[in-house]
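This briefing is meant to be read with the structure open beside it. Please take the topics in turn and find each named residue or element before moving on.

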Amino acid sequence: MGVNSWLEDELYQQYLHDRGAVDESWKRVFEQGGAGPRPAQPPAQAAALPPGSTPPDSALQPLRGAAGRIAENMAASVSIPLAASQRTIAVKVMDENRRIINQHRTVTGLGKVSYTHLIGWAIVKALAEMPGLNHAYAEKDGQPFRAVHPHVHLGIAVDVAGKDGARSLLVPNIKNAAALTFEQFLAAFDDLVARARTNKLTPADFQGTTISLTNPGTVGTVASNPRLMPGQGAIIATGAIDYPAEYQGAAPETRAILGISKVMTLTCTYDHRVIQGAESGLFLGRIQSLLDGASGFYDEIFANLRMPHQPVRWEKDRGALGAPLPGVASSRTAEIAKEAAIIQLINAYRVRGHLIADLDPLGAEPSYHPELDPETYGLTIWDLDREFLTGTLGAAIGEGSPKPVAALREILETLRQTYCGKIGCEYMNIQVPEQKRWLQGRMEPRANNWPLPPEMRLRILKNLIDAEEFEHFLHSRFVGQKRFALEGAETALAILDELLERASRNNVHEIVIGMAHRGRLNILANVVGKDVKQIFASFEGEIDPASTQGSGDVKYHLGATGVRRCESGGEIAVSVSPNPSHLEAVDPVVEGIVRPKQDRLGDTRRERVIPVLVHGDAAFAGQGVVAETLNLSQLDGYSTGGTVHLVINNQIGFTTLPEESRSSPYSTDVARGVQAPIFHLNGDDPEAAIRALEIAFDYRQQFKKDVVIDMICYRRHGHNEGDDPSYTQPLLYRKIKEHPSVAVLYGRRLVREGVVSAGDVAALRKAAAGRLSEAYDAAQKGTERYEVQELSAVPGEDIAGFCPRTAVNRPVLDRVIRGMTQFPDDFHLHPKLRAFIERRRGGLENDAPIDWAFGEALAFGTLVLEGTAVRLSGQDSGRGTFSQRHLAFYGRSSAISPTAPRS
């Protein structure tokens, strides 16, 4: 085991004391006689200590255990004819690419990549071109040999702190590292380090090391020549990363202007019997070129990690201001060009940032977009530390905002965190500057990632668990029946719950929801508060399970109304409108329900009754009624003060994938036509969903316009539970089957962050399942049954008994006629309509025939006089499609609409 043999002795002593104290793999080694006390081998070149060389007052302490083994190993290494090569390299490219990687991985909840990960991978890649550094010296029968290792087993030095504070070095190895992808290498590396620090390494982890990487720079060593153990041909050491000593006292601004990079020393200590100095020097040079980005080194890493960004590359500095020195007159144009480039880059992220956001829970990462690459605008890695004008973005940078100037790195980090995380926003097509500034002011200062209070996070978790347990309960109790489950989209329930909470705190009286059948039962139970016993009874009443449109399907189309008591203590009415299977047909119905409710409340600002439409992605893009409803949303006659649209984006229609069903990038692109802001979000991040909802709700209340939340998720089952989606999407559904639910993922996250314990999560699940079981048992005992009744035909002679008398007397009709035929003195009626008005004015007096349009106008007028508001809507409805109605009249410079008679 070479340098790790001290660990073997230490574990052997533990084994002798208590055989249960060591891992089973070590027990087998010790039982087979593979370890144990061994007499120290005298080093081949070590001289005995002269008897009088120790000061008389010194105490001699024997080196035993780990310390003794280390001494033996170091003495043994003296027998190897060592040489070393050193190289000092700039780490600018490695540093910047590592920063980009870690920013993205932090947003996506993944572990960070260290310098050592990248250097280790560069060693593996360099060995593919120079395999001689992976060879070692060997002897057989007294003859020297070169040991040619077919695989790269890269040893990783791990500094481990003991219980007594002493530090030791373990060097396990990554097996066959050259056969791994970078992501696999990263996982293997982190696994070795984690097991080394928890004493979980096995003998196999130390066997067969062919080349090693050690990093004394972590403790501040600038350069070192590590010792080489028998069996290896080379060991690579990295020093501390810092600015060159002569620039460490310079101001950061000065270093940025001069283009000074941090540096690091690389050392290759090698066995001179099989490796020559030229090979070693060239090998270090190859490592440097890879770390500078040669041969697509970072391109491969970014692709393997599914990074949506382009890596930075080594290039010469073009000057801080376009010239070698600042203040030179000829640099003025170049300076302006760079400042303009920064403004272009900021605008590009606001417009296109959503294209590289992390939005797909199933891991399909977006691709690189050139408009979001600083290099497109002539900016280099040397500009990252230089300060530029920030424009309107300055309000979002730094604690002392607004910040008129900032380093390009700060600018990029702010933009990426805001627009390329779990939320991607489309809003720059809005033509009203005030609305765009408002959205930027809400998103950029907190990078769309502000902390949520613990009580809110607990409520989110409870909502997710309630939604999931409801679906699981139906699945287990009503086997084989369709329920059009919400599974895969449970975050929608958390969004609607928070919408009610936020609305109740803002004096909203009612929320009216329209939706198709997917998830309807879950929302009726957990949002509206419908008695689940009724839902269970509707399953018990299933007559024809094979029917799609028959009686068994009706429970997915019914509506319900309830009153929700919120955590703030307020109450809010909430209803789900009935909806047939025609998906989006409910959209105008909901708007038509909301408008009179607002009018009756005297809600002239249209902010106390809010319509909410829940869509499927395929229906939102494919059904014309969506576009029609959006098109009417800002018209005076139809506006309800803005609708909150929630798209449950399953990324699939019945069986059709998005790329085969629409030409637009997003299913929500139809909403761009009315300049509605669109928030795309990752359905597996419920906190991002809540943040998007908060902005969306406040925007709707502020500007009285539609707003769209596009929640990208997945559908765990087929179109219904009897459909097998793997017929047409086998790969997609294999991935979905292995993907944990959002409730599971969020529960793990809160446990990891210390918000709840694993026991708390289990208790929430148990409580949710218990409530459903109790309701089911109660429904069974009560044997409640709900029968759907149909209205039978009514005999003609009985119809009169159902129809109240609505006739009015002659004076009322005369009043209506006067009102519709009188005009102000300064109104100039169209000449061709004078005869029309005269005929109406004398219509009743001359007993002339009354046409349909005249009769309709008389009916409208009498209703208005009785106090019933009349609203006639539709294109051309004022004049009439065939010029028969004329309830609105247009003069040469004014218009009058005599919809209410004037006496």
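This is a predicted model: local features need pLDDT of at least 70, side-chain atom pairs count only at pLDDT 80 or more; totals for chains, interfaces and linings use all residues.

Strand β18 and strand β20 run parallel and are joined by six bridges.

**The strands around β20**

- Strands of a sheet pair through backbone hydrogen bonds, and the pairing may be either parallel or antiparallel.
- Leu-681 has Met-711 in β20 as its bridge partner, and the chain passes from β19 through helix α20, residues 686–703, to reach β20 in a β-α-β crossover that is right-handed.
- Strand β20 itself spans residues 707–712 and is mostly covered, since six of its six residues are buried.
- In a regular strand the side chains alternate between the two faces of the sheet.
- In β20 both faces are covered, with Val-707, Ile-709 and Met-711 buried on one side, and Val-708, Asp-710 and Ile-712 buried on the other.

**Asn-649 in strand β18**

- Asn-649 belongs to strand β18, which is made up of residues 644–649.
- Is Asn-649 buried or exposed? Its relative accessibility is 6%, and because buried means under 20%, Asn-649 counts as buried.
- When neighbours within four places in sequence are left aside, the residues in contact with Asn-649 include Asp-710, Met-711 and Ile-712, which are also among the buried residues of β20.

- Another part of the model holds an open sheet of six strands, arranged in the order β1-β10-β9-β8-β4-β7 with mixed pairing, and its edge strands, β1 (82–90) and β7 (173–174), each pair on one side only.
- Inside that order, β8 (residues 211–214) and β9 run parallel and are joined by four bridges, and Thr-214 has Ala-237 in β9 as its bridge partner.
- Gly-239 lies in the loop between β9 (234–238) and α7 (252–258), and with a relative accessibility of 5% it counts as buried.
- Gly-239 is in contact with Asn-215, Gly-217, Thr-221, Val-222, Met-264 and Thr-265, once its neighbours within four places in sequence are left aside.
- Gly-239 and Thr-88 are 151 residues apart in sequence, while the distance between them in space, from C-alpha to C-alpha, is 9.2 Å.

**The cavities**

- Rolling a probe the size of a water molecule over the atoms shows where empty space is left.
- How many cavities of 30 Å³ or more does the structure hold? There are four of them, and the largest cavity contains about 290 Å³ of space.
- The lining of the largest cavity consists of 28 residues, and those that lie nearest its centre are Ile-100, Val-312, Pro-374, Leu-412 and Arg-416.
- The elements that give two or more residues to this lining are α4 (92–107) and α11 (408–419), and α11 supplies the largest share, with five residues.
- Sorted by type, the lining of the largest cavity has 14 nonpolar residues, five polar residues and nine charged residues.

How values were computed
Residues are numbered from 1 along each chain as its sequence is written. Side-chain values use heavy atoms; hydrogens and water are left out. Buried means under 20% relative accessible area, exposed over 50%, partly exposed in between (1.4 Å probe, protein chains only). Contact means heavy atoms within 4.5 Å. On a 1 Å grid over the protein atoms alone, a cavity is a set of points where a 1.4 Å probe fits but cannot get out, and a pocket is an open set with protein on both sides within 12 Å along at least five of seven lines; lining residues have an atom within 4 Å of a point. Grid points are joined across faces, edges and corners, and a volume is the space filled by probe spheres set on the points. Ala, Val, Leu, Ile, Met, Phe, Trp, Tyr, Cys and Pro count as nonpolar, Asp, Glu, Lys and Arg as charged, and the others, Gly among them, as polar. Two strands pair if DSSP finds at least two bridges between them. A crossover is right-handed if, with the strands pointing away from the viewer, the path from the first strand over the helix to the second runs clockwise.
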